[in-house]
Amino acid sequence: MKKNYLFLLLIIVNSFSGFRTFAQTKSIKIKSENFSSKPISELLKEISWKYGYKINFEEKDIPSKSVTIWIENQGLEEFLKMLIKDNNLDLMVNMENANVATLMKKSVFIEQKKENASNKFQLVKSNFNLSGVIKDQFSGETLPFASISVLNSNISSQTNVDGYYTLINVPSDTVELKISYVGYLSKTIRLTPETPTEKLLIELSSDAKALDEVVVTSDKTEMVQANQIVGMIKMTPKNIAKLPNVGEKDPFRAFQLMPGVSASNESSSGLYVRGGTPDQTLVLYDGFTVYNVDHLFGFFSAFNYNAIKDIQLYKGGFDARFGGRISAVAEITGKEGNSKQFNGGVDLSLLSTNAYIETPLGKKFTFLAAARRSYKGPLYTKIFNKFTDQSSTNTNTAGGFGPGGGGFGGRGGFGANNLQSQQKASSYFYDLNTKLTFRPGKKDIIALSIFNGTDNMDNSSTSSFAGFGPFQSAGIDLGTKTNDISQWGNTGASLKWSRQWTPRFYGNSLLSFSNYNSSRDNSRTVSITRNDTLQENRLGRLETNHLNDYSLKTDWEWKVFNNNKIEFGGMLTKNNIKFNYTQNDTTTILNRNDTGVLASVYLQDRIELLNSKLELIPGLRMDHFSVTNKIYTEPRLTFNYKATDRLKIKGGTGVYYQFIKQVNREDITQGNRNFWILANGSSLPVTKSIHNIIGLAYEVKDYLLDVEFYQKVNTGISEYTLRFVPNFTPGAGGPPGSGGPGGGGLSTEETFFNGNETIRGVDILLQKKFGKLTGWLGYTLAEAVRNIAAFSDKPYYSDQDVRHQFKAVGSYSVKKWDLAATWIFSTGRPYTSILGAYDITLLDGTTKSFTNPSDKNANRFINYHRMDVSATYNFKNGSIGMSVFNLYNRTNIWYKRFEVVRENDISVLQTTNVTYLGITPNITLSLRLK
């Protein structure tokens, strides 16, 4: 049997391992060849002679037909694939000599493989689909949104929320794959002919010592990832522990260190994203909506980092999968629990105890539980006293008591020997996360996730007088109870079924419930007992806000081609919201009980063009809101263009609607409050926003420069105030429109005022991504301007307008130590002040005090800045961390409190700066079983 030898080098030398693959012949180009009626064997001989590469074949295996073909600037790999496909051929690569390969018929090839006991030849599959799952090597947790790509090609994919991936048209079964996930070591693996093409398990590790020997790895692991998609920031809780913290390792506080997310509001862990308010950010935890994210007066968030696997923040321009908010999306994926072994841990700090367990239950179940509760340690006491001492004054002045209110207001007259007072503060917070995951087979996942977070603050006090002055002999007893009670929390649960129907088709459906509740009692009850007769009067403010969310949603992904993935789904949500605001037991200021149903569907396509350099994501979301009985259309478009290997240009635009919102209740004297309420389409319009974003990312070696310009135009912005209600005096019965004392409250037209808002800015991030020293510098230049005619006849700056913000974050690892420092600088926020106080004598001869406010947000607080530092020592089963918040004890202003006091029968204005926390140290001990 005569053999012909053609010279054809099929494999380029791999620069790291010396391993050569057929897939790498794509770099060899056949510039221009024209063959007319030429036998295939002769064609191969001529190509091999001209280009100098070697391949073996037997004449009888090569079809005898002639071909006419014109080759113009075509890769050698593409040319050979065409011959293999069209002529029932296959390719064998000699594993002992990578420079030799053999062409033969597929039937002969199969027999050759069976008979070759020495296993010198292996089948090279081409243009096949590869699918599987990516997991954590230690715990077996699936890794959502991890990246996987074929080296030296444009073929890439991303795992879905359950860790599944699919690569279409993999050119050869000897290619190399690169897998990366933020917070983990990147990994490179080689495929072999024995590698399964379906259900391929790939495991990543954050510990270099745990990696097996056959893997080409890197020591590069990012703390955050910010250059993949327009407006997106991604992080895992693994690296949050390296950052300074006040008692808790907080993912939301970590996000506030990124450009575009405000970090100057210590009293809220909510996300003020690009001039938006926290309610404008959709917060999803395992698919259900979380409406409250604050613990301990907002000092840190309600999310336990021990229960979180992955967090993605979209700062704007988010795609059609998400709706119901106009600013941003925070998508949180909870841990499923260790599927390989039992594990547990505990974090002990000066603020709280945080413990978790995770374990497999048999072969198909995993379980995780994480719980956290505060205790009155020195740090908790400091924060509690700081906030409650300042709010105690608020209670005394509420509802007419205090200065100018006709009450006791600090006036004397009681004998000290007769006064008996008692104050017993009770306060705590806790949260609980549990998740049970069931995997009945390779394709299905059923997960039940439950979350509860609650805060209870009670700083009430009681006082009593056994008798005083001329009433002592009359047998009159006077008692007061000052209530200073705040309770708030969120409970949520989701039941999700996911299924990977085929390597190309995935879907999940979710049933969820979420409840937010808040109650504030800032009042004083005065009791007078005379001749065994008790009379009580209650003065002050009572607020309750309850929200229920019942949702059903489904999401589907269909990977049509390697460069085309269609996503579609729908959602049905029913909201019931109750809000009641009462003063002095007799006056109902606002009383609402609203219910609405929102039905949404979406469709979007992820398309790769120009040899995968350009990614387009056009999408459309449509909503029907039962309250207005209208359909709202939300077109979306984002793009990413890879101009060079280092430079990426990205952008996005879209329309966004919000039907449930947290309205700001203006309180100039004591600080603003807010509450959730449902839009009605008229006096409370549906909020609309149009996003426009353009930016670029430039990456070289270990550094990234990311710049994004953005604009948001919002309409239907609502605020609530009582300052325009005529003749309204708390405690004087029902104001106009209330229906008399204790009526149904003021009309929305009298108290809600609407307008529009324009936000513009630029976010700049310079990041050192890898190495012992990592971190970033962030800068934001922004402007947020509102126009609500009731407040001003000209545009004014929004409450959250901050002109300049600069952030510096650094982390250094040396041996077993992690050292970190952050510094934040922010120009002052705007506020409305009280310019002065004056008295007016009424017709009945009495005198009433009035105040004169400034123009809306015409003033600014002083600049905000602080530095936090931390040092963490890591040992085998845990770590001990020390941190200092506000290292140089900067005095930063939270808000200004204005009070009118009487001096010499004249009303005088007093102004007090209510400040944030000063220098605060903390120690955290973390222990793990494994």
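The model is predicted: local features need pLDDT of at least 70, side-chain atom pairs count only at pLDDT 80 or more, and totals for chains, interfaces and linings use all residues. Residues are numbered from 1 along each chain as its sequence is written, and side-chain values use heavy atoms, with hydrogens and water left out.

**Overall composition**

- The protein chain contains six helices and 58 strands; helices (H or I, at least four residues) and strands (E, at least two) are DSSP runs, numbered from the N terminus.
- Of the 930 residues in the protein chain, 54% are buried; buried means under 20% relative accessible area, exposed over 50%, and partly exposed in between (1.4 Å probe, protein chains only).
- Among contacts in the protein chain with a separation of 6 or more, 67% come from residues 24 or more positions apart, where contact means heavy atoms within 4.5 Å.
- The protein chain exposes about 39,400 Å², and carbon and sulfur atoms supply 55% of this area; accessible areas come from the Shrake-Rupley method with a 1.4 Å probe, and for residues only the protein chains shown count as cover.

- Strands of a sheet pair through backbone hydrogen bonds, either parallel or antiparallel.
- Strand E20 (residues 281-285) and E21 run antiparallel and are joined by two bridges.
- Tyr 285 has Phe 288 in E21 as its bridge partner.
- Tyr 285 and Phe 288 also belong to one aromatic cluster, together with Phe 252, Phe 303 and Phe 451.

**Aromatic pairs**

- The count of aromatic pairs is 33; rings of Phe, Tyr and Trp (its six-membered ring) pair if their centres lie within 6.5 Å, and planes under 30 degrees apart count as stacked, over 60 as edge-to-face and the rest as tilted.
- Phe 505 and Trp 556 are stacked, because their ring centres are 5.6 Å apart and their planes lie at 20°.
- This pair links distant parts of the chain, with Phe 505 in strand E34 (residues 505-530) and Trp 556 in strand E35 (residues 533-561), 51 residues apart.
- Phe 505 is partly exposed, at a relative accessible area of 24%, and Trp 556 is partly exposed at 21%.
- Phe 675 and Tyr 720 form an edge-to-face pair, with 5.7 Å from centre to centre and 85° between the planes.
- Phe 675 in strand E42 (residues 673-678) and Tyr 720 in strand E44 (residues 703-720) are 45 residues apart, and the pair links distant parts of the chain.
- Phe 675 is buried, with a relative accessible area of 1%; Tyr 720 is buried, with a value of 1%.

**Charges over rings**

- The charged end of Arg 373 sits over the ring of Tyr 428, 4.6 Å from the ring centre; the criterion is NZ of Lys or CZ of Arg within 6 Å of the ring centre and within 35 degrees of the ring normal.
- Arg 860 lies over the face of Tyr 797, at 4.9 Å from the ring centre.

- Ile 923 lies in strand E58 (residues 920-928) and is partly exposed, with a relative accessible area of 42%.
- Ile 923 and Val 884 are 39 residues apart in sequence, and their C-alpha atoms are 8.9 Å apart.
- Beyond its neighbours within four places in sequence, Ile 923 is in contact with Leu 348, Ser 349, Leu 350, Ile 880, Gly 881 and Met 882.

Note on methods
Pairing = 2+ DSSP bridges.
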